[in-house]
Amino acid sequence: MNSAFHKILVVVAAVLVLTSGLCALSSAQQQPQQIRTPRQTRLPQNPDFSKLEIQTLKVQGNVQLLAGAGANIAVQSGGDGVLLVDTGYEQMGAKTLAAIRKISEKPIRTIINTTLADDHTGANGPLVKAGFINQAGPGLGGRPNEAMLFGHNNLLRLMTEIGEAKISTDRWPPNTYPGNQRDFYMNDEPVVMLHVSNATTSGDTMVWFRKSDVIATGDILDETSFPYIDLAHGGSVSGVIEGLNQLLDLMVPKHLQEGGTMVIPGHGRIGDEHDVLEYRDMVTIVRDRVQNAIKKGMTLAQVKAVKPSYTYEYEPRFNRNPAWTAEMFVEAIYKSLSSSK
Ligand SMILES: [Zn+2]
């Protein structure tokens, strides 16, 4: 079957799964690798939080996806309790907790932040507190009586530099890791936090659920937009491309780049290796075009003057985020390449 046609079938199947009831649910359990969220566009800049609803989708193994609270939230659950990757907007905290409670009544034990932004870390405070266990004092080994919040060392450094006036301290991760990775075991599977250096920010983490065969990527993969590169907070285009290559190294497709390892992007639908390949190629091609312009001696103003041409064939799909346009993406690449010389 031709792959484009196959993709359409998969999307149609996903919509059917979402719109029909129990019978679709059982077919979802048989073919979890084919479920993709239909949410193709990101939330508006200043959403009306009272109108937002959260969708829950099974990804595969122990991992589910909560979409609609801001950035995508990955939920891994089992006998040990609940692990979250990112927490969504603060204003969505109560709805997010209600959606988690439908998956598991167990306490939230661990929360991992992939990056800095409000829609990833906003509800850290209330969801850490929701990890409360009804016991006297700290738990075994002096473990605090609430969820443990993890992030890379650099993420805590960025939050500290930005300061508590803008990011309240209950969003700062008290548990950090240095270097490239940290791993632990939870719910009968190895969980690996992988640091991607200087990608969308200097503090990015991907979370690899090794037994479920799912990776929560954070914003280096964004199915609703060109990847965000936060230059002011240590982001770089080469870091994003390195992160996407690292992701591809970890992924094993089931058949012709379809199925197998699944990724939960920072925003948008669930993907497989084919989606990551396409995205990596897109970022690399645009990077190369801007690099060529720099080699020709073009200034940023000249690059901006030919604005659509660097990204034109990708614009229908990725230029849909008013807060991060094709032009801003190209400008960030230009500055990123110019400063790294
Ligand atoms: Zn994001």
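**View 1. Leu 194 and Met 206 face each other across two strands.** In this predicted model, Leu 194 stands opposite Met 206 of strand E10. Strands E9 and E10 pair in the antiparallel sense, over six bridges; two strands count as paired if DSSP finds at least two bridges between them. The strands (E, at least two residues) and helices (H or I, at least four) are DSSP runs, numbered from the N terminus. Residues are numbered from 1 along each chain as its sequence is written. Because the model is predicted, local features need pLDDT of at least 70 and side-chain atom pairs count only at pLDDT 80 or more, while totals for chains, interfaces and linings use all residues.

**View 2. Strand E9 also has E8 as a partner.** Strand E9 covers residues 189–196, and six bridges join E8 to it in an antiparallel run. Look for Asp 183, whose bridge partner in E9 is Val 192, and for Tyr 185, which stands opposite Pro 190 of E9. E8 and E9 form a hairpin with two residues between them, and Asn 187 in the turn has a positive phi of about 50°. Is E9 enclosed or open to the outside? Six of its eight residues are buried, so E9 is largely enclosed by the rest of the structure. Here a residue is buried if 20 or more other C-beta atoms lie within 10 Å of its own, exposed if 12 or fewer, and partly exposed in between, with C-beta atoms placed from the backbone.

**View 3. Five strands make an open sheet.** The order is E8-E9-E10-E11-E12, and the pairing is mixed. Strand E8 (181–186) and strand E12 (262–267) stand at the edges with a single partner strand each, so one side of each is left without a neighbour in the sheet. From one strand to the next, the twist averages 25°. Helix H7 (residues 237–250) packs on this sheet, where it touches E9, strand E10 (204–209), strand E11 (214–222) and E12. The direction of H7 makes about 160° with that of E11; axes are lines fitted to C-alpha atoms, for helices over the stretch in contact, and angles run from 0 to 180 degrees between N-to-C directions. Two residues are in contact if their C-beta atoms, placed from the backbone, lie within 7 Å.

**View 4. Seven strands make another open sheet.** This sheet has the order E1-E2-E3-E4-E5-E6-E7, again with mixed pairing. Its edge strands are strand E1 (55–60) and strand E7 (175–177), each pairing on one side only. Neighbouring strands are turned by 25° against each other on average, direction ignored. Three bridges join strand E5 (residues 108–112) to strand E6 (residues 148–152), and these two run parallel.

View 5. Helix H6 (residues 153–162) packs on the seven-strand sheet, touching E6 and E7, and its direction makes about 95° with that of E6. Which residues of H6 are buried? They are Asn 154, Leu 155, Leu 158 and Met 159. These four cover an arc of only 140° around the axis, which puts them on the same side of H6; the arc is that of the directions from the helix axis to the C-beta atoms. The buried residues of H6 pack against E6, whereas Thr 160 and Glu 161 are exposed on the other side. Just after H6, Gly 163 takes a positive phi of about 95°.

**View 6. The largest nonpolar core gathers 70 residues.** Those with the most contacts inside this core are Ala 74, Leu 84, Ile 111 and Val 207. A nonpolar core is a set of buried Ala, Val, Leu, Ile, Met, Phe, Trp, Tyr and Cys residues joined through C-beta atoms within 7 Å. Leaving aside neighbours within four places in sequence, Ala 74 is in contact with Val 63, Leu 65, Val 85, Val 207, Ala 216 and Ile 264. Apart from this core lies another, of six residues, among them Leu 116, Ala 117, Leu 155 and Leu 158.

**View 7. Glu 105 sits in a loop.** The loop runs between H3 and E5. Glu 105 is exposed, with 10 other C-beta atoms within 10 Å. Its C-alpha atom and that of Ser 77, 28 residues apart along the chain, are separated by 9.7 Å.
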